[in-house]
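Please open the structure in your viewer and keep the selection tool at hand. The stops below say what to select next.

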Amino acid sequence: MSDRNVKGGILWKIENFSNCGHCSGQPVISPVFSLVTQFDTDWRLFLYPRGKTNEDHISCYLEYHEENTVHVKSVSFEILVLTRGGEIYKACKGRSMFVRTGKKFGFNQFCGRQSILDAKDSVLSKDTLSIRCHLTVDIRDEDEEKGCDTTLGELSQNFRTLLQSGEFSDMALSASGEVYQVHQVFICARAPNLARELGIIEGKKPPYPVKLNDISSPVLKELLLYVYSGQVETKDADILAGLYEVAQVYDLKRLKRYIFPGPAQSSARTRIKVVRKSFLWCIEDSRKRNMVEGLPVNKFVDMGIIRLALTCCVVENADSIHVFIRRVRPWQPQKIYFRCKVSAQGALNTSEGSQEFERWFDRNNSESQFQILSLERKLIFGNLVNLHNDKLRISLECFASNGHQRSSIENRNCLWTSAIAENMQYLSLCQLREDLKGLWTSADFTDLLVKVKDGEELMVHKAILAIRSPVFQKMLRDGLSEDSFYLNLQDMDLEIAWELLKYLYRGEVHTDTFRDYVKLYAAAVKYDILSLTKRCVHYLVTNVTEQSVCELLILGDRFEDEILIIAAQEYISANRHTILNSDEWKQLVKDHPHLGSKLLLWLSTQFLSK
């Protein structure tokens with residue numbers, strides 16, 4: 001059984017990274033990106049600029065999006081930080097065997113935050129952080145591990161044969177003079193919008209034939225092949241283009257993905273909202289103000305998402321000038337990240353006392369005042385250069401962010417390979433099985449009543465039974481007329497009949513008891529369902545116990561199945577001291593003495609040969 005690996009990834013660029021307003025535990029979330037699959041396997045990246053739990057580290061996680069429906073067995077991933085030249089600056093690899101929707105897996109200490117900020121010239125070009133994620137996803141579903149991989153191919157081939165034979169058809173479609181015998185139930189299950197346009201209504205006989213004027217015969221042939229078998233065989237570009245157009249008209253999303261799959265590689269960009277404002281605050285008559293200690297000078301700064309008040313004053317009995325900042329109280333305070341670079345600027349563009357300030361303003365500190373600059377009075381007022389024209393110049397470069405982000409997918413690329421084609425084919429078969437589940441659970445367009453033990457009844461479709469079992473096919477051909485509505489299976493329990501018929505529709509078995517598999521094996525042999533027979537044999541020989549091995553030997557002898565007989569013999573030989581003294585063995589010898597004798601003779605020859 002080969003692995004069903006799907007590869008893909010995303011290049012994600014985050015603008016305004018160093019000034020983003022995300023505190024510890026608050027992530028920047030990438031756009032949803034998909035891999036090349038028939039199903040929607042959607043993923044997202046979560047990057048925590050100030051760590052998920054530790055502000056000194058950047059955290060990064062991959063999430064299997066919560067809206068996914070397909071089962072993923074495992075995922076291998078690599079998350080990279082790239083330099084401005086596209087080279088790898090930091091790389092971390094991971095793997096998860098327990099992939100559930102909404103689950104995140106990744107790295108709490110992906111890389112040091114300060115190391116990224118220090119390498120801004122090479123890593124944060126234009127303050128943009130570039131993250132690349134590579135994924136390899138095993139898309140096998142749970143049923144594949146139980147042997148359904150081959151069953152999918154069998155379902156596809158059986159229903160392709162049904163289409164070609166036209167047996168038990170109840171409708172005809174015509175295009176370009178070609179007539180195709182079809183089954184209404186398949187059209188409804190696999191292409192419901194087409195069914196509505198064709199006017200398919202249960203209990204109402206459609207006209208013969210139903211003409212399709214907008215679809216050419218080659219396109220209709222490929223469409224029906226996909227509907228029945230989940231496959232598309234043609235390589236003709238014109239037919240594929242016509243088929244894709246039909247898929248668009250009738251909203252056949254899986255068929256569109258089959259013809260032109262989704263992206264293998266995506267490029268995305270997230271822009272974090274950051275407001276920048278740089279200005280020079282000139283305080284005139286500075287020497288005069290210096291003579292009056294404590295006299296403040298105020299300035300209001302409106303940055304859109306936040307309004308601030310600056311205060312410059314000489315603190316009483318102090319030898320320094322201070323600049324303070326506070327948030328002007330808004331009507332509805334929201335948390336705002338604020339950072340500024342501040343210094344006193346001389347006439348020759350020299351800077352004195354350059355400092356940086358960083359703060360989150362929220363409801364709790366909206367009235368608080370914070371010092372952002374402290375200058376020595378002697379240094380400022382004793383130097384004519386610093387007070388050119390008696391003006392104190394304070395230079396400020398401010399950044400404010402509310403953490404809001406805007407994301408978009410910029411580019412999608414699909415690199416078509418044989419591996420992708422194989423995966424698309426496999427997933428198309430999975431979708432075929434999913435659609436057939438609806439046939440089994442609903443009674444739409446059923447034309448046959450199956451009666452089982454205790455008077456229970458099940459409604460089924462003749463075409464499904466006939467194409468999946470040669471015995472049922474013969475019974476329906478020879479023993480029933482076209483209008484017959486009844487099939488007798490009254491030698492079978494309801495539970496076993498349910499599992500048998502469900503397997504014919506879906507290729508799945510959901511019972512998990514040894515006794516039920518014994519009964520199901522007997523039914524599979526009787527109705528010549530080879531794949532189900534093999535499946536039952538596999539379960540029986542791998543789940544045999546000391547209590548059930550005698551039943552397995554009887555079953556093998558009854559149906560002359562060498563695999564079951566040999567498995568039972570070898571198990572009894574390995575556990576002979578317990579089994580040959582058990583009640584089950586005594587009952588076997590009583591009811592089937594010839595079988596007990598043959599087994600003892602076989603055991604004796606085994607010991608003599610050693």
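This is a predicted model: local features need pLDDT of at least 70, side-chain atom pairs count only at pLDDT 80 or more; totals for chains, interfaces and linings use all residues.

Residues are numbered from 1 along each chain as its sequence is written, and side-chain values use heavy atoms, without hydrogens and water.

Stay with Asp 454 and find the loop between strand 23 (448-452) and strand 24 (457-460); strands are DSSP runs of E, at least two residues, and helices runs of H or I, at least four, numbered from the N terminus.

Next, select the aromatic residues. The whole structure holds 15 aromatic pairs (ring centres of Phe, Tyr or the six-membered ring of Trp within 6.5 Å; planes under 30 degrees apart are stacked, over 60 edge-to-face, the rest tilted). Phe 186 and Tyr 228 are stacked, because their ring centres lie 4.5 Å apart and their planes at 10°. This pair links distant parts of the chain, 42 residues apart: Phe 186 is in helix 4 (residues 184-190) and Tyr 228 in helix 6 (residues 217-229). Phe 186 and Tyr 228 are both buried.

Move to Phe 361 and Phe 370. With centres 5.8 Å apart and planes at 70°, their rings make an edge-to-face pair. Both Phe 361 and Phe 370 are buried.

Last, select Phe 77, Phe 105, Phe 107 and Phe 110, which form one aromatic cluster.

Terms used:
Buried means under 20% relative accessible area, exposed over 50%, partly exposed in between (1.4 Å probe, protein chains only).
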